[in-house]
Amino acid sequence: MMRSCVVQMVKIIKTCYVASVGSPTIIQWCAFLNKRFCRSLKLISLVSLSVFLVGCATKPPESQMLKVEQMAPDSWTASQEGKSGVDREWVQSFGDSSLNKLVAEAVARNPDMRAAAERVVQAQKAAYVAGAAARPALAAEFKGDRSKRQFVGMPFGGSSVENGSYADLRVNWEIDLWGRIRMGQMAAISDAQAAELDAKAAEAALAAEVCKAWFSLGEANEQLTLAKRVAQIRDDSVETIGERFAQNLGNDGGSASQFRLAQTDQATSKAVISQRESEVRMAQRRLELLCGRYPAGKMKGSSSLTKMPARPPSGVPSALLQRRPDVIAAERRYVASVARLKEAKRAIFPILSLTGSGGTASDALEQIVNNNFSAWSIGATITQNLLTGGLVKGEQAIRTSKEREELANLEGVVLGAFGEVENALMLEGWLKRRVQDMGKASALANEAAKAASDDYLEGTGDILTLLTGQSRAVELGSQLLVLRRIQLENRVDLHLALGGEFRLEGK
């Protein structure tokens, strides 16, 4: 393996020099150096090959979720719903194919998701670089110098000019006997895993935002449809009241104040249409931005709100600790802090390094490939820090504090996650009752408005009852749409709180 590394290095050197100067002398030297230096590295290869292979096999640290597992309750206190686990297809539970396509588009095109993906790449590369100190370092050096020395006095008066040419390949290898470098690399691997989980959490959050924007667009479209229907009703009412006012039929139907009140409601309904149209455009632009499109306000959404999915089944709260990406990411960061503390503690042990070099040294450039001028060396160095001015102890104290901080952060994330589930489950039942009650109230208000309109047309009702009934029906209908959208958004929040769908993978 070591000979292969040297051969590849020499090939690169040959290629570079042939391309730049095409010097036969340099090519000859490279061939010579390849032969001589490979011999000198045999001892290093035999001594440390096994250490090198172990260093290449650094594994991610084991899970430390047991540190917070006891925080999980036996059951949810708010409800017995939505506790059995997740999959990655929770968006499909809403049964809207258009929504599924928009979520996929957002994940693929949203700039924030692309940035998150690059952060994952950077963290993975950083994990590889963290183990570089445990791998051999090979360097090539070419050096030439010319010096002059002046001598004063007899019998050595005069001067001399000396030339020197040197070519050398050097290897340096720190043997990670105590696992200090390995601990640092394990910490970097944990950070890379946390970055990947952060990207997954960002993807889930983006999917949730797209769902909520889609529901907002559906509500805005329904509100606009309702506003147009109300405007038509107001137009009809003004026309009917105007006829009765003109004919002065009855004390209740012919007053100018009642006619002006009807006209006021008519004008208000026109203003509401403009407001609803602007809300539709804003919802469209919000959805376009989330999907990585230009916010032109041209995205076509559903003409109505998505229907509420079926209620979730029951399950186990502790499974949440193994599902939510932000919880697992916090656990990985805690694990990284543990590894970095171990790295700091092992910094007090001696450092063992193996070194080797091979090359030539001569006062004539043409002799740089001559075996008579070859030189090589193999050595080992043990370095033990005796006084560091408190650097090692101070670093250990800092990393000990960092470990406690990350454990506290992990506990906070876990408690926050349980709180989000409890709140979402509580709102699930509360909103369901609110929607049912508001639906009944809206239906009754529509019946009352129709009855008031019929009574007024028959001449038995009054205009104030008619206008009040119409206004109440419109208000309750609009509130019902808002509640239905909030109910859908809370279901999205419940999916996020649980980490996905309401079933365990593989079940």
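**Cavity, pocket and helix packing**

The lining of the largest cavity comprises six nonpolar residues, four charged residues and no polar ones. The model discussed here is a predicted one. Its largest cavity holds about 50 Å³ of space, and the structure has one cavity of 30 Å³ or more.

We may turn next to an open space. The second largest pocket contains about 580 Å³. Its lining numbers 26 residues, and those closest to the pocket centre are Leu226, Arg229, Ile233, Asn446 and Ala473. Helices H7 (180-247), H10 and H11 (463-498) each contribute at least two residues to this lining. The largest share belongs to H7, which provides ten residues. Sorted by class, the lining of the second largest pocket is made up of eleven nonpolar, nine polar and six charged residues.

Helix H10 also takes part in a helix pair worth a look. In general, two packed helices are described by the angle between their axes and the distance between the axes. For H9 (residues 325-345) and H10 (residues 391-458), the packing angle is about 165° and the axes lie 8 Å apart. Because angles over 145 degrees count as roughly antiparallel, H9 is roughly antiparallel to H10. The crossing of H9 past H10 is left-handed. Residues in the contact of H9 with H10 fall into twelve nonpolar, three polar and eleven charged.

A further pair is formed by helices H5 and H6. The axes of H5 (residues 97-109) and H6 (residues 111-130) come within 5 Å, crossing at roughly 50°. This angle makes H5 oblique to H6. On the H5 side, the residues that meet H6 are Ala106, Val107, Ala108 and Arg109, while H6 brings Pro111, Met113 and Arg114 to the contact. By class, the contact of H5 with H6 has five nonpolar and two charged residues, with no polar ones.

The contact of H9 with H10 includes three polar residues, while the contact of H5 with H6 has no polar residues.

Definitions and conventions:
Residues are numbered from 1 along each chain as its sequence is written. This is a predicted model: local features need pLDDT of at least 70, side-chain atom pairs count only at pLDDT 80 or more; totals for chains, interfaces and linings use all residues. Side-chain values use heavy atoms; hydrogens and water are left out. Axes are lines fitted to C-alpha atoms, for helices over the stretch in contact, and angles run from 0 to 180 degrees between N-to-C directions. Helices (H or I, at least four residues) and strands (E, at least two) are DSSP runs, numbered from the N terminus. Angles under 35 degrees count as roughly parallel, over 145 as roughly antiparallel, 65 to 115 as roughly perpendicular and the rest as oblique. A crossing is left-handed if the near helix is turned anticlockwise from the far one by less than a right angle, and right-handed if clockwise. Ala, Val, Leu, Ile, Met, Phe, Trp, Tyr, Cys and Pro count as nonpolar, Asp, Glu, Lys and Arg as charged, and the others, Gly among them, as polar. On a 1 Å grid over the protein atoms alone, a cavity is a set of points where a 1.4 Å probe fits but cannot get out, and a pocket is an open set with protein on both sides within 12 Å along at least five of seven lines; lining residues have an atom within 4 Å of a point. Grid points are joined across faces, edges and corners, and a volume is the space filled by probe spheres set on the points. Contact means heavy atoms within 4.5 Å.
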